[in-house]
Each structure stands twice: as structure tokens, then as C-alpha cells.
Amino acid sequence: MAYEIAVLTTMSIAILFALSLNVITGFCGQVSLGHAAFYGIGAYTAALLTKAGTPLALALLPAAALAGAAGFVVGMASLRVRHDFLAITTMGVTFLFVGIVRKQEALGGEVGISGIPSVAFGRPGLLALALVCTILFVLLAVRIRRSWMGFAYESVADDEDTARVLGIDVPRYKLWAFVIGTAGAGVAGGLYAHHIRFIWPDSFGFVESVTVLAMVIVGGIGSIWGVVLAAGVLSVLPLWLQFVDDYKLLVYGALIFLTMRLAPDGIAGLARRLAARLTR
Amino acid sequence: MTLLRVENASVRFGGVVAVDDVSLDMDEDRFLGFIGPNGAGKTTLMRVITGVLRPWRGRVIFRGEEVTRWPVDRRIRFGLALAQQIVRPLASMSLTDNVAIAAGVHRTASPLAALLGSGRGAERGKAKELLEFVGIGDAADARPGELPLGYLKRLEVARALALEPKLLLLDEPLAGLNQAEARVMADLIASLVGNGRSVLLIEHNIREVARICPELYVQDNGRGLVRGPAAEVMASPEFRRAYLGEQAA
Ligand SMILES: Nc1ncnc2c1ncn2[C@@H]1O[C@H](COP(=O)(O)OP(=O)(O)OP(=O)(O)O)[C@@H](O)[C@H]1O
Ligand SMILES: [Mg+2]
């Protein structure tokens, strides 16, 4: 049972993390190669708070708030850059995060933070908490998609100059996407810290940013169920295949490359085309 | 009442002065034809009015507010709309949704309010009516990528109308249409004027412009040449010089 619970917790956290990036990259069309930094902010915040005695369920709130605040700042800085330049700018955020945390004694420096306490009701309690957070985020994503906010995001992702001519306040919409997406990553990070119970700067580096981007791209940029599926499968791959764990960057990089070349709209796009062919 | 006032606007691109100290104003419920040869700076002046470009010098006043530093989207929500010369459809959406998102401009004004609002039926209904109105209702469910330029030009007009503007800016809406279609479209444009709506029409099709516009403004080489009732303008030496070249003057 313990093994299954651990696997499900891993999947749930990965799904939350990937869906949070999907708001920024999928809904709003802003590629981010630095999403792990916000995951890290959430992880460190929650870990320090629970070590000081706060229950995790409460510690997740400041984790989300700090990650979201950092997302707001990065979003502001990213308003003027587009496409490739945005990818490079956000990639810098990952290196900045790792670089800063390494030098902070209070954050455990190079050694990281160990002895992160277990959650109330142990492993099943953590799984329950992770599932609640993930389900809430899925509901939020579905709501965004169906609402006028989602409609506006579609136009921004499609062509932001045209969106403006149609009266959409593009910078404000982008900032909201960054805040919602990075706050979600903060929660995922807080959960992750209590799942592994040890964190260090390299847990939140470039490799993790690429991994989560691979989940979004393979699932189908913008598709909620596609990203859920891809994140669920790709997150357990390293548990089952030692090879994937050893060559993470290579495997996820190759997955991004192959998807972009062969099926840019990912699993969701493949399924849509298949369904169209079958009903014809 | 004055709806729009452009004061001494200048725009430079590197060494080119595309708009040179131009002033222009328009009252409510008016219809002004804006003509001039290629490269006269018509589109550039239009972009200054919408805010896509900031003028190097000069001011833009719209509905009594100085909007020179406002971003495009704020001017649009304040009552401007633009049908662009180079069509820019949202490629991922059907024509209906291209227009529906414009029809919902008050619903997307604030992201949080937009998150609380769902249901696109009313706006899609309005969008279908507008697509019918401009004569492309048959393509309501098609994607822009599947359609010829004549359709996309009219999509631009339908989208601009969906914003319910006080001032409608049209940049060559007849381009890409055949003679019969252009005539229908011109009549349709003329019918939009009034009830609190003014139209500024850039157009190379002088025949249609002369037929429908009561008033004309001519620009050449970035400078305003002449403005007045259509017949007077077309008889003026400035008009002939702009269109027939220096030797005719
Ligand atoms: N983005 C730009 N960068 C550099 N030069 C530009 C730019 N836009 C316009 N120009 C130049 O400014 C001048 C005016 O161009 P504009 O497009 O405003 O003319 P126009 O009157 O709309 O012409 P047309 O009838 O061909 O559409 C031209 O010389 C053009 O080459
Ligand atoms: Mg032009």
C-alpha cells in the first residue's frame, strides 16, 4: 500500500505542477523555462514553516503567496519580451533561484534542508492533501477555460496585437496568468518538499523546468486533460525506468523535440484528429 | 461636438517622416473620406489615432480626453474601433468567435470579472448577425485560414462593428473585393454613419469614396493637403497634384 500511495502522491503533485505551467504557457501562450523556481520558492517556504511547527495545510498558503508574488515580478519583467526572448528570460529565473539559494545559510545553502516533518496522518494524509489541491486546481483551470477569461487568453495566445485591437488589456491578463500559474507551482512545491522530505537547490533547477514543460507540451499545450495524462505518466516514468532517471534532461528534451516536430498539439491534438477521422 | 482631434502629430521612421505636423478633427455623426497616394502616411496616422504608434510630436484627443499616452486596448474600450489594412484574424478561432470576442469587450475589460462570467451565446448571436450584415454569414463556422482575402476584409469590419464604437476607423475595407462587392460594401459603410457613430474611411477606390463620402481629406508625403466637401476637394489643384503628379499642377 505504501508504495502505491507514494506513486499516487508523485503523480498528483506532478499534475498540479504541470497544470500550473499550463495556465501560463498553454492558456496565455507564454513559454516559460523557469517554472521550477516557483516550485522551489513554495518548497522552501512550506518546509521552513512546517519545521517551525505550522501544519502543512496552512503553510501552503504563504507558499502560494510568495511564489505568486515572485511570479508577479517575473511577469512584470517579461511583459516586453516575447517568444524566444521570453524563453531565455525565464530560463534565467531558474539559474537566479538556484544561485541565490545556494548562498543562503538560512536556507541550508548547498546542503539543503533535511528532516522536513511528516504531515498529520502520515503518507495517506499527504496524498489526501495533494489530491484536494490538485482537484481544486483542475476545477480552477476548467473554470478559466470556460469563462470569458479563457476566451480572452485564447486571443492573447493567438495574436496579442490583435487581442489589443479587440480591447483586451493584454499585460493585465498576462500578469494574472503568471500569478495564478506560479502560485499553483508554489503549492505543488510545498507538497513536494513534504513528499521527499529533503530539498536542496538542485531539486529546482533547469532539469525540473524542462521536465514540467515536457509534460505540458507532450500533453498538448492548453489542453487540461492532455496535460493531466502526460504529467501522470511522465512523472512515474523515472520510478519505473532507471534509464529515464539517469538521463532526465536528455529524455524530456527529446520528448519536447519530437512532439514539436511530429505533433505540435500533443496527445490532445492526436486524439482530436483521431476522433475526427473515426466520426467521418 | 468634437469627437476626435489630432494636433500637430508627427511620426518618423528612421529618416522617413511618415506623418509631418498633421492636424485633423472630426465631429460626432460624421463621415470623412481619407485619401492620398501610396506611402502618404494614411495608415501611419490611423495608427497614431488607435495608439499602435506613439507620435514623435503632437497630441490625440478623443471624446474630450487626451489619449496620446493611452494603450491601444484602453482606447478601444473608450469607443474606438479599427478595421486594419493588413488583415489580422485570430487564426485559431472560427469567424463567429473572432467577432464574438469583440462583442464581449465589456465582459473582458477586467480579468477577474471575466473569470466570473461565462456563456457566450448572446455574443455569438450578435456575431452571426454582424457576419450576415457584412455578407459573409455563410462562413460563420469556418476558420480564417480557409478563406479568401475578401472574406477576411469583411471580417475586420464585422469585428470592428461588434465593438460598438463611437469612431470607426476603416483602412482600405474595399481592397480585395470585386466591383460589385465593393459597391455593396460601400453602401453598407455609408449606412453605419449616425446615431452617435462617425466613420473615418481610408480608401484607394476613389470612385466609391467620391460616391459615398460627403467630405474628404487628402494627405500626401505625410502632409495634410486639403479638406472640405467632396466635390470641392476633387476640383482643387491640391487633389490633382497629389493624384496626377507635380507636372499637372
Ligand atoms: N513600421 C514602419 N517602419 C518604417 N517605415 C514605415 C513603417 N510604416 C510605414 N513606413 C513608411 O512610412 C510611409 C507612410 O506609410 P503608410 O503605410 O502610412 O502609407 P499609406 O498612406 O497607408 O500607404 P498605402 O496607401 O500604400 O497603404 C511610407 O514611406 C512607409 O514606407
Ligand atoms: Mg495604408
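**Why these labels? Chain B's ligand sites and a few residues**

Guide: Begin with the magnesium ion, ligand 2: its protein donors are B:T43 through OG1 and B:Q85 through OE1, at 1.9 to 2.2 Å. The two come from distant parts of the chain, 42 residues apart, with B:T43 in helix α1 of chain B and B:Q85 in the loop between β6 (80-83) and α3 of chain B. This is a predicted model: local features need pLDDT of at least 70, side-chain atom pairs count only at pLDDT 80 or more, while totals for chains, interfaces and linings use all residues. Residues are numbered from 1 along each chain as its sequence is written, chains are lettered from A and ligands numbered from 1 in the order written, and side-chain values use heavy atoms, with hydrogens and water left out.

Visitor: What makes B:T43 and B:Q85 donors of the magnesium ion?

Guide: Donors are N, O and S atoms within 2.8 Å of the metal (3.2 Å for Na, K and Ca). B:T43 OG1 and B:Q85 OE1 lie 1.9 to 2.2 Å from the ion, so they qualify under that limit. Water is not among the atoms, so sites may look incomplete.

Visitor: Why is B:Q85 called partly exposed?

Guide: Buried means under 20% relative accessible area, exposed over 50%, and partly exposed in between (1.4 Å probe, protein chains only). B:Q85 has 30% relative accessibility, so it counts as partly exposed.

Visitor: Which side-chain atoms lie 2.7 Å and 2.9 Å from an oxygen atom of ligand 1?

Guide: A polar side-chain atom of B:T43 lies at 2.7 Å. An N or O atom in the side chain of B:Q85 lies at 2.9 Å. A backbone N or O atom of B:G41 is 3.0 Å from a ligand 1 oxygen. The protein covers 63% of the 630 Å² of accessible area that ligand 1 has on its own (Shrake-Rupley method, 1.4 Å probe).

Visitor: Which residues come nearest to ligand 1?

Guide: B:N38, B:K42, B:T43, B:T44 and B:H204, out of 14 around it. A residue is near if one of its heavy atoms lies within 4 Å. The largest share of the shell, 3 residues, comes from α1(B).

Visitor: How do you know that chain B is modelled with confidence, and where is that confidence lowest?

Guide: pLDDT is the predictor's confidence in each residue, from 0 to 100. Chain B averages 92, and 98% of the residues score at least 70. Within chain B, helix α10 (residues 237-244) is lowest at a mean of 82, and helix α3 (residues 95-103) is highest at 97. The model scores ipTM 0.91 and pTM 0.93.

Visitor: Why is A:S155 called buried?

Guide: A:S155 has a relative accessible area of 0%, so it falls in the buried class. A:S155 sits in helix α6 (residues 148-158) of chain A. A polar atom of its side chain lies 2.6 Å from the backbone oxygen of A:A152.

Visitor: What phi does B:N8 have?

Guide: Most residues other than glycine have a negative phi. B:N8 is not a glycine, yet has a positive phi of about 45 degrees. B:N8 is found in strand β1 (residues 2-13) of chain B.

Visitor: Why is B:N221 called exposed?

Guide: B:N221 has 60% relative accessibility, so it counts as exposed. B:N221 lies in the loop between β9 (215-220) and β10 (223-229) of chain B. Its phi is near 50 degrees, also positive.

Key. Polar contact = N/O pair within 3.5 Å; in protein donor to acceptor, adjacent residues only side chain to side chain. Helix = DSSP H or I, 4+ residues; strand = E, 2+ residues; numbered from the N terminus.
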